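Here are a few friendly notes to read alongside the model. Please keep the structure open as you go.

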Amino acid sequence: ATAPFITARIDAFGKKIQGLRMWTAMTVVIFSLIASITLFAPNLDILAASLFALGMYSYLVGVLFYTPILNDISDVSNRGRISGIGQAFNFTGQVGALVLTLPFVSGTISLFGGSVRAETLFPSIILMIIFALPLLFLYKDRAPQLRKKTLKVESVGSILRNLLLNR
């Protein structure tokens with residue numbers, strides 16, 4: 001429900017990498033808290049579950065910043081190829097993370113003596129940070145084009161009408 005408003009702000013003000021950095025950092029902090037709770041205070045499962053919902057929200061808001069970045073690093077003629085390369089790295093990273101965390105899942109490696117599910121979360125967070133660093137620090141936002149610094153908030157009815165009429 002908040003995605004249209006967040007993407008409208010991205011379009012209006014730019015600052016894509018700043019937003020991506022902020023939401024990625026929030027995701028890392030929240031999932032680190034979840035990992036700490038599950039390892040050291042497992043009786044706080046309601047808090048961990050609530051933080052999980054917040055962490056997923058934070059992660060998904062961060063994803064909203066990728067499309068505008070894709071538009072910066074590609075043009076219409078190569079956008080599909082560039083997007084496909086990004087997806088290939090995404091899938092490769094997911095499989096790589098599964099393979100790298102397998103020793104924690106199987107119990108072969110235990111850092112804290114906790115459950116295997118909890119033990120797997122910290123290495124996953126570290127891998128997320130490592131894989132995110134290149135984009136977070138090497139990508140530079142394009143100089144903002146002349147944009148109005150105002151954000152027009154439309155009613156839900158107006159938005160639906162424009163969508164249905166394809167305006």
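The points below cover a salt bridge, a helix crossing and some aromatic pairs.

1. This is a predicted model, in which local features need pLDDT of at least 70, side-chain atom pairs count only at pLDDT 80 or more, and totals for chains, interfaces and linings use all residues. Residues are numbered from 1 along each chain as its sequence is written, and side-chain values use heavy atoms, leaving out hydrogens and water.

2. Searching the whole structure gives 1 salt bridge (a side-chain nitrogen of Lys or Arg within 4 Å of a carboxyl oxygen of Asp or Glu). Aspartate 72 pairs with lysine 16, with the closest N and O atoms 2.9 Å apart. Aspartate 72 sits in helix H4 (residues 66-73) and lysine 16 in helix H2 (residues 16-40), so the pair ties together parts 56 residues apart in sequence. Helices here are DSSP runs (H or I, at least four residues), numbered from the N terminus. Both aspartate 72 and lysine 16 are buried (under 20% relative accessible area, 1.4 Å probe, protein chains only; exposed is over 50%, partly exposed in between).

3. Do have a look at H5 (residues 79-105) and H6 (residues 116-138): their axes come within 9 Å and cross at roughly 145° (lines fitted to C-alpha atoms over the stretch in contact, angles running from 0 to 180 degrees between N-to-C directions).

4. There are 4 aromatic pairs (ring centres within 6.5 Å; planes under 30 degrees apart are stacked, over 60 edge-to-face, the rest tilted). One of them, phenylalanine 31 with phenylalanine 52, is edge-to-face at 5.9 Å centre to centre and 85° between the planes. Phenylalanine 31 is buried at 12% relative accessible area, whereas phenylalanine 52 is partly exposed at 44%.

Key. Helices (H or I, at least four residues) and strands (E, at least two) are DSSP runs, numbered from the N terminus. Rings of Phe, Tyr and Trp (its six-membered ring) pair if their centres lie within 6.5 Å; planes under 30 degrees apart count as stacked, over 60 as edge-to-face and the rest as tilted.
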